[in-house]
Amino acid sequence: MTWLLILVLCMLWGLSFLGTKVLLDVLAPMEILAVRWMLAFLMFALLVALRVIKVDYRGKPVGKLLAAAALQPCLYSILETWGVKLTTASETSIFIALVPLVVVLMNRLFFKRNVNRKVLFAIVLSFAGVLVCVLFSPDFSAGSKLLGYLILIGAVTAGSGYTVYSARLGAKFTPMEITFVLTIAGSLFFNVLSLAEGNGLQAYTVFFSDFRVMGALLYLGIGCSCVAYMIFNFVLSRMKTEIVATVQTNLITVIGVVAGILLGGEPWGWHTVAGLLMTVTGICISALEDSRQKALP
């Protein structure tokens with residue numbers, strides 16, 4: 001069941017880069033984030049009001065949860081969206097594959113946590129796949145896209161920090177409680193920033209007048225910011241962060257790159273195939289190692 005949820009999660013997030021790329025032709029990055037997280041909040045608030053989802057924050061360290069929300073969605077979403085704008089959807093999804101390596105480093109540096117050698121090999125193999133996909137791309141140019149790449153590295157750092165931090169909050173909060181606070185923080189943060197930029201309510205007007213924009217924003221808001229985060233926080237409470245990060249981010253990379261090629265018409269070549277094969281191999285090794293560990297007495 002957990003692995004099926006991970007697959008659904010990766011499908012949702014893997015296609016999100018393409019949805020963002022489509023919306024950037026019509027809306028500013030902050031407008032996309034404002035409407036996306038408002039939709040996520042409204043959906044979650046409705047579920048809570050109807051008692052479909054139950055949350056209870058009494059006596060719990062909500063401040064720590066808000067700190068996690070500052071990393072993701074607040075900081076991460078800004079960096080990811082600008083990263084997509086300055087690079088490509090497939091390049092963005094490839095860079096996000098660096099998250100497992102950073103998660104391992106953070107766990108090692110801050111919590112002195114040992115890492116299984118096979119899992120570490122899987123992470124390094126996936127990272128090598130990232131390098132193959134990016135460095136051997138015909139249109140790769142460190143000069144012209146350097147700012148975009150630096151922004152994406154920032155997104156990776158923020159996302160990794162959230163993964164490590166949220167996994168530890170799982171002992172005090174339910175996945176639903178964590179996700180609800182994320183939607184509240186994201187909705188307030190991005191709408192205030194959008195208004196501060198002088199965007200006004202134009203994005204909401206476009207949302208109701210353009211069905212293509214409406215569909216993309218509903219997908220990002222309900223699917224990627226509401227449903228996907230509920231799944232993500234649930235999975236983090238059930239599995240090791242290194243395993244989750246490796247499988248989730250690298251499968252997202254595969255889906256994102258394939259979607260960018262098939263649906264977005266983005267270029268590909270032998271480097272893409274080789275890099276994805278390395279990534280998939282890393283995913284398989286992580287999955288097999290997780291199954292082996294669970295089977296041990």
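The model is predicted, so local features need pLDDT of at least 70 and side-chain atom pairs count only at pLDDT 80 or more, while totals for chains, interfaces and linings use all residues. Residues are numbered from 1 along each chain as its sequence is written, and side-chain values use heavy atoms, without hydrogens and water.

**Exercise 1.** Classify the ring pair of Trp37 and Tyr229.

Solution. Start with the rule: rings of Phe, Tyr and Trp (its six-membered ring) pair if their centres lie within 6.5 Å, and planes under 30 degrees apart are stacked, over 60 edge-to-face, the rest tilted. Here the centres are 5.6 Å apart and the planes stand at 50°, so the pair of Trp37 and Tyr229 is tilted. Finally, ring pairs join Trp37, Tyr162 and Tyr229 into a cluster.

**Exercise 2.** Are Trp37 and Tyr229 buried or exposed?

Solution. Buried means under 20% relative accessible area, exposed over 50%, and partly exposed in between (1.4 Å probe, protein chains only). Trp37 has 0% and is buried; Tyr229, with 2%, is buried.

**Exercise 3.** Classify the pair of Phe207 and Phe208, then the accessibility of each residue.

Solution. The centres are 5.0 Å apart and the planes at 80°, so the pair of Phe207 and Phe208 is edge-to-face. Phe207 is buried at 7%, whereas Phe208 is exposed at 62%.
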